[in-house]
Amino acid sequence: MPTLEALGARLNRRLAREAPGLGEELRMEGFTTAVLAEFPHGGELVRLLNFGHPGPYLVSGGHVRGLDAGVPNLPLGMSGFGQEVSPHEEFAFPPGSSLLFVTDGVTESRDPQGVFFDPVRGLEGMSCASAKAAVNGLLTRVDAWTGGISTDDRAVLAVAH
């Protein structure tokens, strides 16, 4: 089984091979942000490798913590800048908690005064009985923050433990 680092390097190589066949605009914008995650069997941790994407949020016991990369990688497809893939990081993932992976359509949602939604503050006190409850709870809170107005696509993936 490949490591997260090997998988990230492979994805970078694949995007680099495809780049010459893209038009100029796509070649300049032809990168992808991503978070690779691994949940070791029987463990209470998650391994994360971030490629320029918003980090996930750990919701546990009504508390929220952003799992931001200490040393983030460039987005996938930008390996031509010579950066080596940094090592993955490990975080506790206790039973009864949920991890929420979000796109910038969530973190860049704004209230009527233009203030960004902060998932750490916005999700405080939320209970996550299931992955579905975590996603629904997050989207409900974002909609309340924005007054139901969205200018960007939002994607959320929840993993409950």
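1. Serine 109 sits in the loop between α3 (104–107) and α4 (119–122); helices here are DSSP runs of H or I with at least four residues, strands are E runs of at least two, and both are numbered from the N terminus. This is a predicted model, in which local features need pLDDT of at least 70 and side-chain atom pairs count only at pLDDT 80 or more, while totals for chains, interfaces and linings use all residues. Residues are numbered from 1 along each chain as its sequence is written, and side-chain values use heavy atoms, with hydrogens and water left out.

2. Is serine 109 buried or exposed? Serine 109 is buried, at a relative accessible area of 7% (buried is under 20%, exposed over 50%, partly exposed in between, with a 1.4 Å probe and protein chains only). Beyond its neighbours within four places in sequence, the contacts of serine 109 include Asp104, Phe116, Val142 and Arg154 (contact means heavy atoms within 4.5 Å). Tryptophan 145 is another residue in contact with serine 109; the two are 36 residues apart in sequence, and their C-alpha atoms are 7.9 Å apart.

3. A polar atom of the serine 109 side chain lies 2.6 Å from the backbone oxygen of glycine 105.

4. Asparagine 12, in helix α1 (residues 4–18), is also worth a look. Asparagine 12 counts as buried, with 8% relative accessibility. Its side chain reaches the backbone nitrogen of glycine 77 at 2.8 Å.

5. Now the sheet: three strands form an open sheet in the order β1-β2-β5, with antiparallel pairing (two strands pair if DSSP finds at least two bridges between them). β1 (34–38) and β5 (89–92) are the edge strands, each pairing on one side only. Between β1 and β2 (residues 45–51) there are five bridges, and alanine 37 stands opposite leucine 48 in β2.

6. Which residues have the most contacts inside the largest nonpolar core? They are Val59, Leu100, Val106, Leu123 and Leu138, in a core of 15 residues (a nonpolar core is a set of buried Ala, Val, Leu, Ile, Met, Phe, Trp, Tyr and Cys residues joined through side-chain atoms within 4.5 Å). β3 (57–60), β6 (98–102) and α5 (131–146) each supply at least two residues of this core, and α5 gives the most, with four. A second, separate core has nine residues, among them Val35, Val46, Leu67 and Phe93.

7. Valine 59 touches Leu100 and Leu123, and also Met126 and Cys128, among others.

Note on methods
A polar contact is a pair of N or O atoms within 3.5 Å; within protein, one must be able to donate a hydrogen and the other to accept it, and residues adjacent in sequence count only if both atoms are side-chain atoms.
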